[in-house]
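Load the model in a viewer and keep the sequence panel open.

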Amino acid sequence: MRSSQLAQTIANEITLLVTSGELSVGDHLKTQQLADRFGVSRSPVREAMDMLATQGLLEQKENRGFFVKEITDSIAERVREDAEPFEVSNDYQRLAEDWLTDRIPAEVTEQMLRERYDLTKSQVNDVLMRASREGWAERKQGYGWRFLPVAKTPEAFEQIYRFRMLIEPAAMLEPAFRLDRKIIEEQRRIQLRMLETDIERLPAERLLHNGALFHEELIKMSNNPFFHLSLVRVNRMRRLLEYRSRVDRSRTVRQCQEHLEILDLLERGEVVEASYAMRRHLGGALSKKSPVTWSWSHQAHEKELLEK
């Protein structure tokens, strides 16, 4: 991917952070944090922010950096038009399916992937950067890449949700649980923004990210770091299989509404009721997502048999 193309992709990503509510008006964008998030160097991030400043989404203040401006209808329309670059590429699909079905080892080199998939160096880098952003690949120290443990089967997917049904409601009942108004306000803003935005047009990865972020932020209020670390880890493990089984966008609307109901209960101090609501919420998600995951797994198995 050429630098200008990469910068455009990052610009689209930053714009989506704004339209999804993850970044709000007045927020200061830090180059290194964005570079770390997208798995790139600082240079294309700076180029992307220059683009967005020219387009009016960001404001560059002398000696202070870039800040989010209020989004306009024209910018929102551009986001809809530029949604295509966030669709999953065939190269990414092939790599993901091969990892899910154990066709490739956990540790690989870029040269090995170039030869296996007949890709250029930039194409391999693009695919690996996306896998890294989605939490299932990381660069090894020194040389090569490592694919991280993920839920590769519907059984593992269900086990993760049942684990979450235990720890997330319990975290709210911890003696050290304390309501953090800043977390509540931020998550309410994100959920409302998602409902107000055209969910049908937001990239699936953004919907999944916002959903995981809601749960990870709420569990922080337990003030027990082991709850938070455990949830972050299992979310990383389930992300790829959930992403590949397709996002139910109509269900996402209901999920946002249930998230807001949980926030309402917490704000009123009804923590026990919020804990019960969280368990119902996760149970409902499992009942909806599990059949879809089993269906995808069955289709993948049939495809594998046909290829033999």
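Predicted model: local features only at pLDDT ≥ 70, side-chain atom pairs only at ≥ 80, totals over all residues.

Begin at the second largest cavity, whose lining comprises six nonpolar, no polar and one charged residues.

Residues are numbered from 1 along each chain as its sequence is written, and side-chain values use heavy atoms, with hydrogens and water left out.

The volume of the second largest cavity is about 40 Å³. On a 1 Å grid over the protein atoms alone, a cavity is a set of points where a 1.4 Å probe fits but cannot get out, a pocket is an open set with protein on both sides within 12 Å along at least five of seven lines, and lining residues have an atom within 4 Å of a point. Points are joined across faces, edges and corners, and a volume is the space filled by probe spheres set on them. Three cavities of 30 Å³ or more are counted by this rule.

Next, colour helix 5 (90-100), helix 6 (110-117) and helix 7 (121-133), each of which supplies at least two residues of that lining. Helices (H or I, at least four residues) and strands (E, at least two) are DSSP runs numbered from the N terminus.

Keep helix 6 and helix 7 on screen. Their axes come within 10 Å and cross at roughly 105°; axes are lines fitted to C-alpha atoms, for helices over the stretch in contact, and angles run from 0 to 180 degrees between N-to-C directions. Helix 6 and helix 7 are therefore roughly perpendicular (65 to 115 degrees; under 35 is roughly parallel, over 145 roughly antiparallel, the rest oblique). Show Glu110, Leu113 and Arg114 of helix 6 with Lys121, Val124 and Leu128 of helix 7, which make the contact (heavy atoms within 4.5 Å). Three nonpolar, no polar and three charged residues take part in the contact of helix 6 with helix 7.

Move to helix 9 (residues 181-196) and helix 10 (residues 204-220), whose axes come within 10 Å and cross at roughly 160°. This pair is therefore roughly antiparallel. On helix 9 the contact residues include Ile183 and Ile190, and on helix 10 they include Leu207 and Phe214. By class, the contact of helix 9 with helix 10 has seven nonpolar, three polar and two charged residues.

Among the contact residues are Gln187 and Leu195 of helix 9 and Cys256 and Leu263 of helix 12.

Where does the tour end? The last stop is the largest pocket, with about 1000 Å³ of space. Select Glu22, Arg37, Arg206, His209 and Leu213, which lie nearest its centre among 36 lining residues. Helix 10 gives the most to this lining, with eight residues. The lining of the largest pocket has eleven nonpolar, seven polar and 18 charged residues.

Notes: Nonpolar A, V, L, I, M, F, W, Y, C, P; charged D, E, K, R; others polar.
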